[in-house]
Amino acid sequence: MDILDANPISFSAFPDEKAVFEPLNPEDVRAYLHKAVDFISDYYTNVESMPVLPNVKPGYLQDELSASPPTHSASFDVTMKELRTSVIPGMTHWASPNFFAFFPSTNSAAAIAGNLIASAMNTVGFTWQASPAATEMEVLTLDWLAQLLRLPTTFMNRTSTGRGTGGGVILGTTSEAMLVTLVAARDAALRRSGSVGVSHLPRLAVYAADQTHSTFFKACRLAGFDPANIRSIPTGSETNYGLDPTKLLKVLQADVDAGLVPTYVCATVGTTSSNAVDPVGAIADVAAMFNAWVHVDAAYAGSACICPEFRHHLDGVEHVDSISMSPHKWLLTCLDCTCLYVRDAHRLSDSLETNPEYLKNDATESGEVTDLKDMQVGVGRRFRGLKLWMVMRTYGTTKLQEHIRSDVAMAKMFEDLVHADNRFEVVVPRNFALVCFRIKPSGSMTEEDADEANRQLMEKLNKTGQAYLAHTVVGDKFVLRFAIGSSLQEERHVRSAWDLIKKTTSTIMD
């Protein structure tokens, strides 16, 4: 069945306005969810044939649907029909196997089921007592993942000897992980510098490479750091755009000499732009000289580190203060799911703790439990741990590693195809499953001409609806990013995209 085909609507299915309103009527729950599951299954069956990018204009949906909220009830079939006919045509299909932009947003049957069940339970697990199983599940799953990543036991909630000093929490995004650790580092630096209140805040400085995700610089501002003290350290091809520890040391020392307090260093394993890897251990050694907090952003590439052959990218992690990775990017777990680990959980909770009278309880007072509200910005929270547990429990380590290795192998194949065509060049060495490439200058073509040719190539490719690529700028060059990892992707999709790239390039170069 075509997902855009609406099911016939029975007028007898329209709700009786005089009937008692029962939003969780068991029969309605069963009927609605059966239809929703059928929709989802049909969507995955047909998404490959849909244009990856929609052809709609801003404001289109208000023209398609009513601009005012409905007064009266409608059949669920009507709601589903409008979803099919109005919403789906305006979607960018991240689930498409022809989606190669940004980073993947992976998913799986187990994750979808976990999300559905968690949504149905609708627990609000701000304290252990508010939902013991939700907290216990999150703690257990995070410790499972920590073991797959071979993180030191200092980052685990539970160890063989009991409760650990470290711990983890599942947040929505990397932005939140950066923000809460920046706040904890800020408060620690203020105490260390003898600040009265926040009087020394203008002296605190933070550091990252210029390839670090832009959300870091946003989080720094939200945490109250003076924009003049947010250091973006230049990188270059000599380090494959990773952060140079020698440069970091010079910048830190210069700031200390100027009376500033180095507070936080962000290292990245797998930058968004080009998948550059900062040397975690060397950066931690430099930061330790100044008592600066070190956070590792492994949002995308952290998932690869469950495979032994990629684990070396985290070498030195035992010396950092926190690390975050996002299974919703590459570990088959739907949004949102960012796992944050800290070496000393109290440094985080001391800055984020709330203890109103109405949340006090014996379990919290015992000190034997983790109240996850004290490791995040808000208080309320979803049962995020369930979907991650269901993914790990259902597929197991071997299948998850197989998934990562398959994507990396397809990226290697694409990289080889690019190398074999002398019209193109791979701009930076491939890490993981991202290939950064471009049409290279030839003959009388200048660098500016090449940039324009690559812009045209990307625009033409994306307009076909048969593939979607994004771009970046590396070393002042306009570069196309080919990110493999969509859960439905197979080798044939990669080869088909390459054939389209070659064909489209020929129309530009001729």
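Which residues have the most contacts inside the largest nonpolar core? Here are some friendly notes on that and on the helix packing.

1. A word on the model first. This is a predicted model, in which local features need pLDDT of at least 70, side-chain atom pairs count only at pLDDT 80 or more, and totals for chains, interfaces and linings use all residues. Residues are numbered from 1 along each chain as its sequence is written, and side-chain values use heavy atoms, with hydrogens and water left out.

2. The largest nonpolar core has 95 residues, and Leu145, Phe414, Phe437, Phe482 and Ile501 have the most contacts inside it. A nonpolar core here is a set of buried Ala, Val, Leu, Ile, Met, Phe, Trp, Tyr and Cys residues joined through side-chain atoms within 4.5 Å, where buried means under 20% relative accessible area (1.4 Å probe, protein chains only). Helix H13 (residues 385-420) supplies the largest share of this core, 11 residues; helices are DSSP runs of H or I, at least four residues, numbered from the N terminus.

3. Take a look at Phe437. Leaving aside residues up to four places away in sequence, Phe437 touches several residues, including Phe414, Phe482 and Ile501; contact means heavy atoms within 4.5 Å. Another core, of 34 residues, lies apart from the largest one, and Val169, Leu171, Ala184 and Ala189 are among its members.

4. Next, H8 and H9. The axes of helix H8 (residues 245-257) and helix H9 (residues 280-288) come within 9 Å and cross at roughly 15° (axes are lines fitted to C-alpha atoms, for helices over the stretch in contact, and angles run from 0 to 180 degrees between N-to-C directions). That makes H8 roughly parallel to H9, a label for angles under 35 degrees. Pro245, Leu248, Leu249 and Leu252 of H8 make the contact with Ala282, Ile283 and Val286 of H9. These contact residues divide into seven nonpolar, no polar and no charged (Ala, Val, Leu, Ile, Met, Phe, Trp, Tyr, Cys and Pro count as nonpolar, Asp, Glu, Lys and Arg as charged, and the others, Gly among them, as polar).

5. Finally, H14 and H15. Helix H14 (residues 447-464) and helix H15 (residues 491-509) have axes that come within 10 Å and cross at roughly 125°. That makes H14 oblique to H15, the class left over once angles under 35, over 145 and 65 to 115 degrees are set aside. Among the residues that meet are Leu457 and Lys460 in H14 and Leu500 and Ile501 in H15. The contact residues of H14 with H15 divide into six nonpolar, five polar and one charged.

Key
Helix = DSSP H or I, 4+ residues; strand = E, 2+ residues; numbered from the N terminus. Buried < 20%, exposed > 50% of the residue type's maximum accessible area, 1.4 Å probe, protein only.
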